Amino acid sequence: MNADEMKKQAAWAALEYIKGDGIVGVGTGSTVNHFIDALATIKGRIEGAVSSSEASTKKMQELGIKVFDLNECNEIEVYVDGADEANSLLELVKGGGGALTREKIIAAASKQFVCIVDATKQVDILGKFPLPVEVIPMARSYVAREIVKLGGQPVYREGVITDNGNVILDVHGMDIMEPIKLEKTLNDIVGVVTNGLFAMRPADVLLVGSEDGTQTVH
Ligand code: 5RP
C-alpha cells in the first residue's frame, strides 16, 4: 500500500465523524482531496462546508458541495484536515500546502478537529518537516532574522503567494521540544500572520491510514 492509498483510507474513515446535517469544516491538501470525494457522497444530507483554501473550495463546488463563508456560520461541529506531522499529543505541523492561516481559523472555530494522515506523518518530535510561517510580504526579511535568533533556518518559499496575499518562510533545523511555547513565540514576532504549529489547538482525533487499516488516536 502506498502513501496515497493510506491517505485515502484515513480520509474515508473520517466520514463516520460527520454525524449531523450541518456545515462541515474542510481543510486542504491531497489527503483532504480524498475526504472531499467522500463528503460528496453524503452531500444531500449536509448543509454544506466551510473551506480553508481556494483549491478546496473549487473542488467542492465542482462536486456540488455548497461552500459557505465562515462569517455566515456559528460554531462548526467537525473540521477535517490533514497534517505534515503529528505527535502523540496530537500536536501538529501543518501548512505544507500553504493554507495554514485559514486552516487554523477554522480549527479554532470548530468543536471537533479530526486530523487525517498516513502513517509516515507520525513523529516523536515535531520539526523535521520544515515549519511553515505565513508572513506579511514587507516583513519577510525582518521575520527571517528573528527566526534565526531563535535557532531556525528560514527558507523563503519562492513563487508562492498565499490565498491571503502573503508569503511563506519554511523553517528548517528545529527540534520542537515545546510546541506550545514556540507557537506563541513565533506568533509574537511582528509581521507573522500565523505559524504552522497546531499545539495550542491540537487535533481531537487522529485517523492514521496504515497497512493494517485505519488506527484512531485520541
Ligand atoms: C495544507 C496542509 C496539509 O494538511 C498538509 O500539508 C498535508 O498535506 P497532504 O495531505 O497533501 O499530505 O496543512 O496547508
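User: In this predicted model, how far does a polar side-chain atom of K7 lie from an oxygen atom of the ligand?

Analyst: The model is predicted. A polar contact is a pair of N or O atoms within 3.5 Å. The polar side-chain atom of K7 and the ligand oxygen atom are separated by 3.0 Å.

User: What share of the ligand's accessible area does the protein cover?

Analyst: On its own, the ligand has 370 Å² of accessible area. The part of this area that the protein covers is 92%.

User: Which residue has a backbone N or O atom 2.8 Å from an oxygen atom of the ligand?

Analyst: For D81, a polar side-chain atom lies 3.5 Å from an oxygen atom of the ligand. The distance of 2.8 Å belongs to a backbone N or O atom, and the residue is G95.

User: How many charged residues does the shell around the ligand have?

Analyst: The ligand is surrounded by 17 residues, with S30, T31, D84, G95 and K121 the closest. By class, two residues of the shell are nonpolar and nine are polar, while the number of charged residues is six.

User: Are helices α2 and α3 roughly parallel or roughly antiparallel to each other?

Analyst: Helix α2 spans residues 30–40 and helix α3 spans residues 54–62; their axes are 10 Å apart, at an angle of about 25°. Angles under 35 degrees count as roughly parallel. Therefore the relation of α2 to α3 is roughly parallel.

User: Is the crossing of α1 and α2 left-handed or right-handed?

Analyst: Helix α1 covers residues 3–13, and its axis comes within 8 Å of that of α2, crossing at roughly 45°. This makes α1 oblique to α2. The handedness of the crossing of α1 and α2 is right-handed.

Note on methods. Residues are numbered from 1 along each chain as its sequence is written. This is a predicted model: local features need pLDDT of at least 70, side-chain atom pairs count only at pLDDT 80 or more; totals for chains, interfaces and linings use all residues. Side-chain values use heavy atoms; hydrogens and water are left out. A residue is near a molecule or strand if one of its heavy atoms lies within 4 Å of it. A polar contact is a pair of N or O atoms within 3.5 Å; within protein, one must be able to donate a hydrogen and the other to accept it, and residues adjacent in sequence count only if both atoms are side-chain atoms. Accessible areas come from the Shrake-Rupley method with a 1.4 Å probe; for residues, only the protein chains shown count as cover. Ala, Val, Leu, Ile, Met, Phe, Trp, Tyr, Cys and Pro count as nonpolar, Asp, Glu, Lys and Arg as charged, and the others, Gly among them, as polar. Axes are lines fitted to C-alpha atoms, for helices over the stretch in contact, and angles run from 0 to 180 degrees between N-to-C directions. Helices (H or I, at least four residues) and strands (E, at least two) are DSSP runs, numbered from the N terminus. Angles under 35 degrees count as roughly parallel, over 145 as roughly antiparallel, 65 to 115 as roughly perpendicular and the rest as oblique. A crossing is left-handed if the near helix is turned anticlockwise from the far one by less than a right angle, and right-handed if clockwise.
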